[in-house]
Amino acid sequence: VNAVVEGVTALLDPTIGLCLLIGVLLGTLVGAVPGITATMAVALAAGFTLTLEPLQGLAVLLSIYVAAQFGDRVPAILVNTPGTPASIASTFDGYPLAKQGKAGIALTSSALVSAAGSLAGILILVLAAQPLASVALRFGPAEMFALVVFGLTMMVGVSGSNVLRGLVAGAAGLLLGTVGRDPITGDTRFTFGFSELSSGIPFIAAIIGLFGIAELFNQLAERRKKNNPVPITQLGAWWPTRAQQRELLKPSAIGTGVGAVVGVVPAAGGDIAGVIAWAQAKRASKHPEKFGHGSLEGLAAADSASTATMGGSVTTTLALGVPGDSVMAVMIGSMIIWGLQPGPALFVESPDLVYSLATIMVFATFMALALALVRMQGVVKLLALPQQYLTAIIIAFCIVGTYAVQSSVFDVVLMLCFGLIGLLMRRFGFPAGPMVLGLILGPLAESNLRRALVIDGFGTVLTSPIAVGLLLLSLGAVLLPWLRSTSKARKLRARVPESVR
Amino acid sequence: VKDVPVLSAPDGVADTGSSAVTDRSAVEPALRPGRSNGRGLLVALAVALLGGTAVWSATALELASVDGSVGPGWWPTVLGGLLVAGAVAIAVVALRRPDPLPQERVSAHGLGRLGTVVAAIVLYGIGWQFFHFLPVTVVFLSVLLFVTGGRGIKALVVFPALTAMVLYGLFGLLLRVPL
């Protein structure tokens with residue numbers, strides 16, 4: 001109870017309210033603009049929030065995370081373009097509803113079910129984080145190493161079609177994590193004479209380069225067609241009728257349940273949850289034929305699921321130290337710089353923090369909901385903003401934000417290098433997520449594995465049921481997508497007549 | 001997942017950090033079928049070089065406190081070895097199946113634009129060391145906007161000046177970053 005009271009009262013500082021407001025506004029904006037995702041926005045914001053107190057900074061980052069999941073529904077519904085990947089499933093029924101003249105109802109319903117999903121996810125955080133951390137506290141070096149491998153392979157498994165390249169990106173990230181002081185002996189490794197690298201590769205420079213600059217460089221290099229989306233501007237009625245409200249209940253419950261489960265799985269985020277929930281709600285619906293053609297049920301399931309993942313993601317991140325999704329991977333980097341190492345020990349050192357974060361998310365949810373209900377026309381206008389203005393602003397923020405962390409030009413140069421590396425990775429099909437995760441979790445993986453090996457060789461890892469279980473799950477995470485695509489290819493081949501082959 | 005309607009690849013949504021792949025085009029660079037074994041082999045070569053360099057650098061480390069096989073050089077050596085193994089696997093896959101090409105092609109114009117932006121960033125970094133943040137940033141933003149297609153007083157003067165002032169106000173004055 002003390003931790004709850006301390007966690008909530010820590011937010012009475014009025015500056016936290018200001019940080020929340022800034023975060024919610026920024027989150028809604030970045031969510032509404034296709035091309036800027038929550039991960040990218042949180043990475044950019046990490047640059048300037050590091051100069052704030054940890055709670056203030058976390059208030060900005062978390063409220064961007066929450067509000068982006070409200071803002072991204074606007075282009076999904078009005079332009080058929082998801083503002084962030086989390087709203088992919090919102091387009092399935094949101095855009096058809098908008099075309100039927102029900103854009104206002106779709107936007108309002110989406111905001112309401114998103115808020116419900118978000119609050120349910122936060123409840124998971126409050127209820128499950130502590131017990132999960134208590135279990136994880138019993139983990140020794142072998143289990144911690146296996147946990148890091150599990151997190152990394154989960155991100156590889158869900159982050160792209162090419163698992164092999166994802167694994168290579170993860171290994172390269174772990175290798176980057178070895179730069180700087182050895183976590184056990186303190187010896188300096190791979191610094192190439194740069195004193196700036198003695199404490200490792202700066203996370204923020206790497207994250208901004210790989211997530212922010214690389215995407216912009218890719219857009220600049222590609223031959224893109226002029227594609228100014230024309231949003232549907234006739235919103236129509238905006239509040240759902242009683243019958244429509246009743247229609248939202250069942251799919252929202254399905255979506256929230258799916259989102260809560262998917263959110264706890266490391267690295268799986270709102271995009272996966274949205275599509276799974278949409279399919280489940282269709283199966284459970286009395287009118288499955290309407291799904292994909294403008295069904296409020298489909299929209300409700302998808303949107304409640306993607307926001308419900310947030311609480312689960314934060315739970316996994318705080319309790320296990322393994323990011324629940326890509327935004328959390330960035331957030332872990334910021335927390336480490338603030339001296340807050342996510343993981344079971346956090347619940348011993350700062351038990352009140354989890355309640356502070358949950359309260360921040362509750363406030364951010366209500367503020368984002370309020371903004372979502374009053375802002376519609378204004379955000380629609382945002383969709384017409386020329387791309388070059390956004391590009392210029394983002395590049396400037398990337399540079400100044402990276403510099404601001406340590407007032408170091410070296411960091412800016414490093415960020416530029418990571419931007420170019422990220423560009424090459426994108427062009428050659430390597431996902432950036434596993435590399436960032438490897439960089440962040442590398443020292444944790446190395447120190448725990450080496451400690452485990454010193455205790456009793458590989459036997460320490462292989463005799464721990466938890467470690468073996470996690471490693472088997474990791475193997476499954478890597479093999480499953482490959483097996484699935486192989487069986488799909490085999491089925492396709494079987495369907496093609498012999499004469500055609 | 002069955003019965004998911006076909007979704008057109010959203011322009012620019014391709015985010016790096018996304019966790020999912022329900023619509024792959026939305027979360028990673030869209031790939032189109034192509035016949036390029038050389039591409040896959042090139043990737044394998046680059047990964048092998050990285051892994052080989054890691055192994056070589058790790059074994060060449062001069063560390064005072066190494067007292068056994070599980071020293072500071074052990075983990076980078078393992079990772080280097082994994083990268084080399086990954087390179088071999090990529091090469092084998094490339095020989096069996098052509099590497100898919102990215103959906104959007106890089107154009108000469110695009111590369112020129114990218115090169116100009118990178119050069120502008122480098123010059124901005126240098127200029128920042130000698131001149132005040134505000135004028136250098138205004139010029140930098142104007143160049144960025146010009147390169148990306150911005151024209152007119154509003155795009156090339158008013159917007160860069162306002163943005164530079166916001167950046168200076170936020171970082172220089174509010175957060176007290178020595179710009």
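Is A:Asp182 buried or exposed, and what is its relative accessible area? In this predicted model, local features need pLDDT of at least 70 and side-chain atom pairs count only at pLDDT 80 or more, while totals for chains, interfaces and linings use all residues. Residues are numbered from 1 along each chain as its sequence is written, chains are lettered from A and ligands numbered from 1 in the order in which they are written, and side-chain values use heavy atoms, with hydrogens and water left out.

A:Asp182 is buried, with a relative accessible area of 3% (buried means under 20% relative accessible area, exposed over 50%, and partly exposed in between, with a 1.4 Å probe and protein chains only). Its side chain meets that of A:Arg189 in a salt bridge, at 3.3 Å from N to O; the term requires a side-chain nitrogen of Lys or Arg within 4 Å of a carboxyl oxygen of Asp or Glu. A:Arg189 is buried as well, at 0% relative accessibility. Over all chains, a search of the whole structure gives 8 salt bridges.

A further pair is found within helix H20 of chain A, residues 433-456 (helices are DSSP runs of H or I with at least four residues, strands are runs of E with at least two, and both are numbered from the N terminus). Here A:Arg450 and A:Glu446 form a salt bridge with an N to O distance of 2.7 Å. The two residues are 4 apart in helix H20, about one turn of the helix. In general, an α-helix has 3.6 residues a turn, so residues three or four places apart point the same way. Both partners are buried, A:Arg450 at 2% relative accessibility and A:Glu446 at 1%. Through shared partners, salt bridges join A:Asp182, A:Arg189, A:Glu446 and A:Arg450 into one network.

A:Arg426 and A:Glu215 make another salt bridge, with their closest N and O atoms 3.0 Å apart. This pair links distant parts of chain A, 211 residues apart: A:Arg426 lies in helix H19 (residues 409-427) and A:Glu215 in helix H10 (residues 203-221). A:Arg426 is buried at 4% relative accessible area, and A:Glu215 is buried at 2%.

The surface of chain A presents a contrasting picture at A:Trp482, which is exposed at 52% relative accessible area and is placed in helix H22, residues 465-495.

Chain B contains 6 helices and 2 strands, running α-β-α-α-β-α-α-α from the N terminus on. Of its 179 residues, 43% are buried. Among contacts in chain B (heavy atoms within 4.5 Å) between residues at least 6 apart in sequence, 56% join residues at least 24 apart. Chain B exposes about 9400 Å², with carbon and sulfur atoms supplying 67% of that area; accessible areas come from the Shrake-Rupley method with a 1.4 Å probe, and for residues only the protein chains shown count as cover.
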